[in-house]
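Visitor: I'm new here, and I'd like to be walked through this protein. Could we take a look at it together?

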Amino acid sequence: MKRIIFGLLFLLAWNSDLRAQAPFYQGKTIKLVVGSPAGSNYDQYGRLIAPYMGKHIAGNPDVIVQNMGGAGSVIAANHVYRLAAPDGLTLLSILPAIYFDQLVGRKEVQFDYTKFVWIGSTDRSNNLLIMRADTPYKSMHDVRGASQLPKCAATGTGSIAYYMPKLLEETIGAKFDVVLGYPGGPDMDLAVERGETQCRAFTLSAFFSRREPYLSWRKKGFVRVLIQTGLRRDPRLPDVPTLYELMGEYKTPESSRRLAKLVLASGDLGRPIIGPPGIPADRVKILRQAFTKALNDPGLLAQAEKQSVEIEPTGGEELEALAREVMAQPPEIIERMKKLLGK
């Protein structure tokens, strides 16, 4: 009898040891919440990286994508921050500029930007503003002198589509009528095509991707690009002025230039993937390493090339430091942000 009891105890201890050695992620599923609708550029990036992240995590968990669009990804950020368990099984893809909403104290914000766990960013990209080619607005000079403001489609106040037109007003005096409430990129594209709006701001990488409607827009000359935000002109847009060039031309004051620097830092944050606060350090390390390996995987890179998706990764540590930096603003800059966002 003693031998039987000893044998049972040995088997229990052996099984327990095996369970302890099994990778945490084995047999589990990671949910990647994308704070933009299906078919958007952020959704495209999320679905590109999801299977490759699972491939590079011990235990090979499934990674599924769930879309939760609305309010420029603030809804998804609130949901994950408040409700997701900090176990490393829920991640989030956000529009990076939702830090604007926290800086100006919007009541809708239920998260602390600096307390998210930063995994990495798939791309960093400068922005542009496109205008329907059949409008009278052929340049930013035309917009500045317009008696009727062009309508630009936007989602929430933390989206490029909203803050770019507002920044142009603050820095170079070009005014727009920004129409809020569109769920995501595809809806804004349709609004431009239907003539509900005439303009839209978004990233260069999205505009030059091999996806519709941008392929057709470029081929048919349906839109023209009026401005870009890089320090230098993108080689693909050699005739389009940068915001910095126009700020020099219009003698933009230094305080407005500082505001532009804060706003455009969202481009350096790129397309971040984050997690809720409190994920154990060992799992954060696993997720960050898997993210880096995924973006260097030949299969992902081949797929990105096929889709004309640009990959310029940033590590989680760098994003974490940048998030702290953008949130540490003096009161006078926060007041300027409030004015910019109509707060």
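Predicted model: local features only at pLDDT ≥ 70, side-chain atom pairs only at ≥ 80, totals over all residues.

Visitor: What is the volume of the largest cavity?
Guide: Let's get our bearings inside the protein. The largest cavity has a volume of about 290 Å³.

Visitor: Which residues are closest to the centre of the largest cavity?
Guide: Its lining takes in 28 residues. Closest to the centre are Tyr-42, Leu-95, Gly-185, Met-188 and Arg-200.

Visitor: And which elements give two or more residues to the lining of the second largest cavity?
Guide: The second largest cavity holds about 80 Å³ of space. Of its 13 lining residues, Tyr-42, Ser-125, Ile-160, Thr-203 and Gly-270 sit closest to the centre. The elements giving two or more residues are H6 and helix H11 (254–269).

Visitor: Now the pockets: which element gives the largest share of the lining of the largest pocket?
Guide: There is about 580 Å³ of space in the largest pocket. Asn-126, Thr-229, Gly-230, Leu-231 and Asp-268 lie nearest its centre, out of 26 lining residues. Helix H8 (204–207), helix H10 (243–249) and H11 each supply at least two of the lining residues. The largest share, nine residues, comes from H11.

Visitor: How many charged residues are in the lining of the largest pocket?
Guide: Asp, Glu, Lys and Arg count as charged. Dividing the lining by class gives seven nonpolar residues, eight polar ones and, for the charged group, eleven.

Visitor: Which element gives the most to the lining of the second largest pocket?
Guide: That pocket has about 190 Å³ of space, and its lining includes Arg-258, Lys-261, Leu-322 and Glu-325. H11 and helix H14 (316–327) each supply at least two residues. With five residues, the element that gives the most is H11.

Visitor: Let's turn to the strands. Which residue in E9 is the bridge partner of Leu-128?
Guide: Strand E9 covers residues 223–228, and five of its six residues are buried. Strand E5 (residues 127–132) pairs with E9 in the antiparallel sense over five bridges. In E9, the partner of Leu-128 is Gln-228.

Visitor: Which residue does a disulfide join to Cys-152?
Guide: The count of disulfides comes to one. In that bond the S to S distance is 1.9 Å, inside the 2.5 Å limit for a disulfide. The residue joined to Cys-152 is Cys-199.

Visitor: Where do Cys-152 and Cys-199 sit, and how many residues apart are they?
Guide: The pair links distant parts of the chain. Cys-152 belongs to strand E6 (residues 151–153) and Cys-199 to strand E8, with a separation in the chain of 47 residues.

Visitor: Are Cys-152 and Cys-199 buried or exposed?
Guide: Buried means under 20% relative accessible area. By that cut-off, both Cys-152 and Cys-199 are buried.

Visitor: Is the disulfide of Cys-152 and Cys-199 left-handed or right-handed?
Guide: The torsion about the S-S bond settles this one. For Cys-152 and Cys-199 that torsion is about -120°, so the disulfide is left-handed.

How values were computed:
Residues numbered from 1 in each chain as written. Heavy atoms only, no water. 1 Å grid on protein atoms, 1.4 Å probe; cavity = no way out; pocket = protein on both sides within 12 Å on 5 of 7 lines; lining within 4 Å. Points joined across faces, edges and corners; volume = space filled by probe spheres on them. Helix = DSSP H or I, 4+ residues; strand = E, 2+ residues; numbered from the N terminus. Buried < 20%, exposed > 50% of the residue type's maximum accessible area, 1.4 Å probe, protein only. Pairing = 2+ DSSP bridges.
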